[in-house]
Amino acid sequence: MIDWDRVVLDLDAEGSALIEGLLSRDECEALAALYPLDPLFRSRVLMERHGFGRGEYKYFDYPLPERLARLREAMYPELAPIANRWNQAMGIEVRYPPEHAEFIARCHAAGQTRPTPLLLQYGEGDYNCLHQDLYGEHVFPLQLVILLSEPGRDFTGGEFVMTEQRPRMQSRPMVLPLRQGDAAVIAVHHRPVQGTRGVYRVNLRHGVSRVRSGHRHTAGIIFHDAA
């Protein structure tokens, strides 16, 4: 059972929230085992080729694997009110419908038709540069990252990291201590922060530190599709 009250508090305070044990070990291993099955995916990206870091990832094609599809549909209605409240606080006019199918229909009507849930694979020496997963005009401001491997057993290093950039301040680093099956709900781009002169936006980026040994797999659930 997810403690959504705590998730809301953590997202408002930090721009991220940890959900422990979202997937079982068997579910994690089953998802990671999909990586070699190319017909399930629409594209493969080698990070080094694009200056994104080192390692690789693959975007799933539709239909998504059932477990990921159900998570995408189930998590969105819980996150949409947070996204709407954040946008209102930041003076952004966009509002998100209560059901994910309605939001995906909006994306597809604008030409954003390519699915964005993905699997990432890292080996020794691999890492992921700080980035934001935007993909088009229509962006849902929260996403889900699920660690499918166990730190200390399957790999060492490879911490999930975020940075927050506030106006006229140096970037603040954050490390999210994920275990196998844990998920992090994170801000995709920016979030509101209450200051002495009102609400202002802070930018966030996320990435993965260098893997020192072993292999690391991650699943990412992004709620908007890509152009």
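**View 1. E27 is partly exposed, with a relative accessible area of 28%.** Partly exposed lies between buried (under 20% relative accessible area) and exposed (over 50%), using a 1.4 Å probe and protein chains only. This is a predicted model, in which local features need pLDDT of at least 70, side-chain atom pairs count only at pLDDT 80 or more, and totals for chains, interfaces and linings use all residues. Residues are numbered from 1 along each chain as its sequence is written, and side-chain values use heavy atoms, leaving out hydrogens and water. E27 forms a salt bridge with R67 at 2.8 Å, N to O. The pair ties helix 2 to helix 4 across 40 residues of chain. R67 is also partly exposed, at 21% relative accessibility. A salt bridge here is a side-chain nitrogen of Lys or Arg within 4 Å of a carboxyl oxygen of Asp or Glu. Helices (H or I, at least four residues) and strands (E, at least two) are DSSP runs, numbered from the N terminus.

View 2. D10 is partly exposed at 27% relative accessible area. R6 is partly exposed at 32%.

**View 3. R70 pairs with E66 in helix 4.** The closest N and O atoms of this salt bridge are 3.6 Å apart. About one helical turn separates R70 from E66. R70 is partly exposed, with a relative accessible area of 42%, whereas E66 is exposed at 59%. Elsewhere, salt bridges with shared partners join E14, E164, R172 and R191 into one network.

**View 4. The largest nonpolar core has 65 residues.** Such a core is a set of buried Ala, Val, Leu, Ile, Met, Phe, Trp, Tyr and Cys residues joined through side-chain atoms within 4.5 Å. L79, F140, I146 and L148 have the most contacts inside this core. Helix 4 (residues 66-89) gives the most to the core, with 10 residues. Beyond its neighbours within four places in sequence, F140 contacts (heavy atoms within 4.5 Å) residues including Y76, L79, Y96, F103, V188 and F223.

**View 5. C28, L31 and A32 of helix 2 (residues 25-32) are buried.** They lie on the same side of helix 2, because they cover an arc of only 100 degrees around the axis. The arc is that of the directions from the helix axis to the C-beta atoms. Their cover includes helix 4, strand 5 (118-122), strand 7 (142-147) and strand 15 (216-222).
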